[in-house]
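Have the viewer open as you read.

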Amino acid sequence: MKKICYILCLFCCLQACSSAKVPQQKLRQVDINASHISRKIQNDSFIMTIQNPLSCPLTFYIKDDDSGLSSQLNNIVVQAKSSTTVKTPYTKSTVPQLGVMFGDVNKTVQYEPLSLPIRPNEKRRIIQGYNSSYSHNTDASRYAIDFTFQNHDTIFSAMNGYVVGFIDGYKHGGKGKKWKGYDNYITIYDPNTGLFTQYAHLRHKGVLVEKDQLVKMGDPIGLSGLTGFTDVEHLHFNVLVPDEAARTLKSAPIEFLEGYKGEDLKRGDWVIKQ
C-alpha cells in the first residue's frame, strides 16, 4: 500500500512539473545595487566608493570598455563586510558601469577535501558525474556531482563557511533547458580556503539557513526538491572558484574526506558517509 501511495505521489508531482510554466520573474541570490556603489566625476577624476555587505569578498570590474578605465580599474577587490574608495584621472562625462563577481581573484585558492553533503551512515547513489553530456558540460558545472535525493531529504554542509546567498522562491522544474537558472540553491563560502560550495535543486522554501550565517561542516542547511532544469529529484553539488577571465565562478574538482575522488565517481556508483 505504501509503495502504491508513493508511486501516486510521484506521478502527481511529475504531472504538476510537466504542466508548470517557467517563472516570469528571475530571482537573484544576492542584490548588490546602487545603494552599495557611489560613482562620480569630480575635477577631472573618477571617484568610486564600494561597500560590500556580504560575508565573502567581491571583485568589481568596469563593464564599459569605451570608458577607457577598464585597465586602470581592473579587478577591484572589496573584502567581506568592508568598503573601499578608488580615484583615477578621467575626463569624460559618462559614468562607467560596473560588473561584479563572487570571490577574490587575487587570492590563491586552497583545494582541501570536503565532507559528503549527506548525513552520517547515509548511502547515496551517483546519477551524474564529471563532464556528463546531460548538464555537466560547461565551465560552470563541469566538475559537479549529482546525488540521489528524494523530495524533502535533508542536505548537509560539506565545509565550514558563511552563507553568502540563496534562492528558495521557485516551485517547479522541468526537463527542457528553458528551466536552466530557475532552481533553488544555497551558496557557502569558506574564507580560509577561498572555496565556494553550491547545493542546487532545493524544494520551494527549502532553505534552512540565513544569509551571513556561519555554518559548520555537517550542519543541516536545506531540503532537496525538484526545481530548475531537472525532472529527477536529486542534489546537484558543485565546488566553485573565481575565474578572472570569465568574470564569474567556475566549477572545480572535488575530493571528499570519506576517501572518494570526484573524478572516480560515475553514474550508478554508491557513496556512504561513515
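## A charge over a ring

Over which ring does the charged end of Lys211 sit? In this predicted model, the ring is that of Phe166, and the charged end of Lys211 is 5.4 Å from its centre. A lysine also lies over the face of Tyr182: this is Lys26, at 5.1 Å from the ring centre.

## Aromatic pairs

Searching the whole structure turns up nine aromatic pairs. One of them joins Tyr170 and Tyr182, with 5.5 Å from centre to centre and 70° between the planes, an edge-to-face arrangement. Tyr170 belongs to the loop between strands S10 (161-167) and S11 (173-174), while Tyr182 belongs to the loop between S11 and strand S12 (184-189), so this pair ties together parts that are twelve residues apart in sequence. Tyr170 counts as buried because its relative accessibility is 4%, and Tyr182 is buried as well, with a relative accessible area of 13%.

Tyr199 and Phe237 make another pair: their ring centres are 5.4 Å apart and their planes meet at 50°, so the pair is tilted. Here Tyr199 comes from strand S13 (residues 196-207) and Phe237 from strand S17 (residues 234-243), which means that the contact ties together parts 38 residues apart in sequence. Both Tyr199 and Phe237 are buried. Ring pairs also link these two with Phe147 and Phe256 into a cluster.

## The largest nonpolar core

Which residues touch the most other members of the largest nonpolar core? Among its 32 residues, they are Phe147, Ile186, Tyr199 and Phe237. Strands S8 (145-148), S10, S12, S13 and S17 each supply at least two residues of this core. The largest share comes from S17, which gives four residues.

## Backbone angles to check

Most residues other than glycine have a negative phi. Asn75 has a positive one, about 60°, although it is not a glycine. Asn75 sits in the loop between strand S3 (58-62) and strand S4 (76-78), and it counts as buried because its relative accessibility is 12%.

His201 is another residue other than glycine with a positive phi, near 75°. Is His201 buried or exposed? His201 counts as buried because its relative accessibility is 7%. This histidine is found in strand S13, the strand that also holds Tyr199.

## A partly exposed leucine

Finally, look at Leu214 in strand S14 (residues 214-215). Leu214 counts as partly exposed because its relative accessibility is 42%. The C-alpha atoms of Leu214 and Asp264 are separated by 31 Å, and these two residues are 50 apart along the chain.

Terms used
Residues numbered from 1 in each chain as written. Predicted model: local features only at pLDDT ≥ 70, side-chain atom pairs only at ≥ 80, totals over all residues. Heavy atoms only, no water. Phe/Tyr/Trp six-rings, centres within 6.5 Å; stacked < 30°, edge-to-face > 60°. Buried < 20%, exposed > 50% of the residue type's maximum accessible area, 1.4 Å probe, protein only. Lys NZ or Arg CZ within 6 Å of the ring centre and 35° of its normal. Core = buried A, V, L, I, M, F, W, Y, C linked by side-chain atoms within 4.5 Å.
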